[in-house]
Amino acid sequence: MADAFDSIRLRKFSQRAEGYLELGMPARAMNEIRRASELRLAFSAHLLYLEGSALFELKKYRDALYPLGQAVLMEPTEISYWLLIGMCQKRVGRCDLAIESLENALILQPNNTVTLYNLACYHALAKQTEKCLKYLSRCLFLDPNFRNFVNREPDFNLIRNKEEFHKIMEESERKLHQKEQEEAI
């Protein structure tokens with residue numbers, strides 16, 4: 001009976017933490033997570049992910065890596081865990097580990113445009129132009145709407161003058177216009 005009760009309490013803490021995160025209140029989310037911890041409830045992968053998300057929002061990227069690592073050990077096929085780990089690794093200056101995390105995500109979902117876009121960003125920052133352009137091209141082929149993000153993304157500043165970058169952007173613009181024309185018909 002205690003296990004069922006604990007499970008219900010854990011779910012309520014998770015729901016409240018998730019709600020606070022959606023409202024942009026990561027400190028309140030952390031309070032819910034701390035309360036669950038104080039009760040010594042067995043954390044789910046999702047609650048660990050929420051803890052990592054709250055810490056990320058609080059700009060405590062290094063601290064976020066531990067609960068996120070625990071979450072991914074519990075549920076290694078959850079792509080959102082890998083993506084957030086990559087985002088934290090980027091912000092602590094470890095593009096190599098950010099790339100590794102996103103490559104794990106890409107194995108799970110080879111055509112996930114968010115993963116492809118972020119891989120392109122991280123490779124650009126790591127000055128791995130060829131790989132950056134490969135992932136960017138694939139992302140824009142799958143969803144030319146990402147082109148709008150590319151134009152504002154400072155991660156691509158080092159490669160904006162490359163001829164191949166311009167070709168990829170021009171091709172995505174053509175594809176976007178073609179898509180718009182097809183939708184207008």
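Val 150 touches Tyr 117, Leu 136, Leu 140, Phe 156, Arg 160, Phe 165 and Met 169, with residues up to four places away in sequence left out of the count. The model in which these contacts occur is a predicted one. Val 150 is also one of the residues that, with Leu 136, Phe 156 and Phe 165, touch the most other members of the largest nonpolar core, a set of 57 residues. The largest share of this core comes from helix H3 (residues 45–57), which supplies eight residues. In soluble globular proteins, nonpolar side chains tend to be buried together.

The overall layout can be described next. The protein has 10 helices and zero strands, and along the sequence the pattern reads α-α-α-α-α-α-α-α-α-α. Its C-alpha trace spans about 60 × 40 × 30 Å along the principal axes. Of the 185 residues, 43% count as buried. Among contacts between residues at least 6 apart in sequence, 55% join residues at least 24 apart. The protein exposes about 10,800 Å², and 51% of that area is supplied by carbon and sulfur atoms.

Helix H10 (residues 163–184) has 22 residues, and the distance from its first C-alpha to its last is 32 Å, close to the 32 Å expected at 1.5 Å a residue. Which residues of H10 are buried? They are Phe 165, Ile 168, Met 169, Ser 172 and Leu 176. These residues lie on the same side of H10, because they cover an arc of only 95° around the axis. An α-helix has 3.6 residues a turn, so residues three or four places apart point the same way. The other side of H10 carries the exposed residues Glu 163, Arg 174, Gln 181, Glu 182 and Ala 184. The buried residues of H10 pack against helix H8 (129–142) and helix H9 (147–152). Two of those buried residues, Phe 165 and Met 169, are among the contacts of Val 150.

Helix H7 (113–125) has another arrangement. Its 13 residues should span 18 Å at 1.5 Å a residue, and its end C-alpha atoms are 18 Å apart, which agrees. In H7, 11 of the 13 residues are buried, so the helix is largely enclosed by the rest of the structure. The buried residues are Thr 113, Thr 115, Leu 116, Tyr 117, Asn 118, Leu 119, Ala 120, Cys 121, Tyr 122, His 123 and Ala 124. What covers them includes helix H5 (79–91), helix H6 (95–108), H8 and H9.

The whole structure contains seven aromatic pairs. A pair of aromatic rings is described by the distance of the centres and the angle of the planes. For Tyr 117 and Phe 146, the ring centres are 5.5 Å apart and the planes stand at 45°, so the pair is tilted. Tyr 117 lies in helix H7 and Phe 146 in the loop between H8 and H9, so the pair ties together parts that are 29 residues apart in sequence. Both of these residues are buried. Ring pairs link Tyr 117, Phe 146, Phe 149, Phe 156 and Phe 165 into a cluster.

Glu 32 is found in helix H2 (residues 26–38). Is Glu 32 buried or exposed? Glu 32 is buried, because its relative accessible area is 7%, under the 20% limit for that class. Leaving out residues up to four places away in sequence, Glu 32 touches Phe 13, Arg 16, Ala 17 and Tyr 20.

Two lysines in loops conclude the tour. Most residues other than glycine have a negative phi, and most peptide bonds are trans. Lys 59 has a positive phi of about 65° although it is not a glycine. Lys 59 sits in the loop between H3 and helix H4 (61–74), and at 61% relative accessibility Lys 59 counts as exposed. Lys 127 likewise has a positive phi, near 60°. Its place is the loop between helix H7 and H8, and Lys 127 is exposed, with a relative accessible area of 65%.

Conventions:
Residues numbered from 1 in each chain as written. Predicted model: local features only at pLDDT ≥ 70, side-chain atom pairs only at ≥ 80, totals over all residues. Heavy atoms only, no water. Helix = DSSP H or I, 4+ residues; strand = E, 2+ residues; numbered from the N terminus. Expected span 1.5 Å × (residues − 1). Buried < 20%, exposed > 50% of the residue type's maximum accessible area, 1.4 Å probe, protein only. Arc of directions from axis to C-beta. Contact = heavy atoms within 4.5 Å. Core = buried A, V, L, I, M, F, W, Y, C linked by side-chain atoms within 4.5 Å. Areas by Shrake-Rupley, 256 points an atom, 1.4 Å probe, with all protein chains shown as cover. Phe/Tyr/Trp six-rings, centres within 6.5 Å; stacked < 30°, edge-to-face > 60°.
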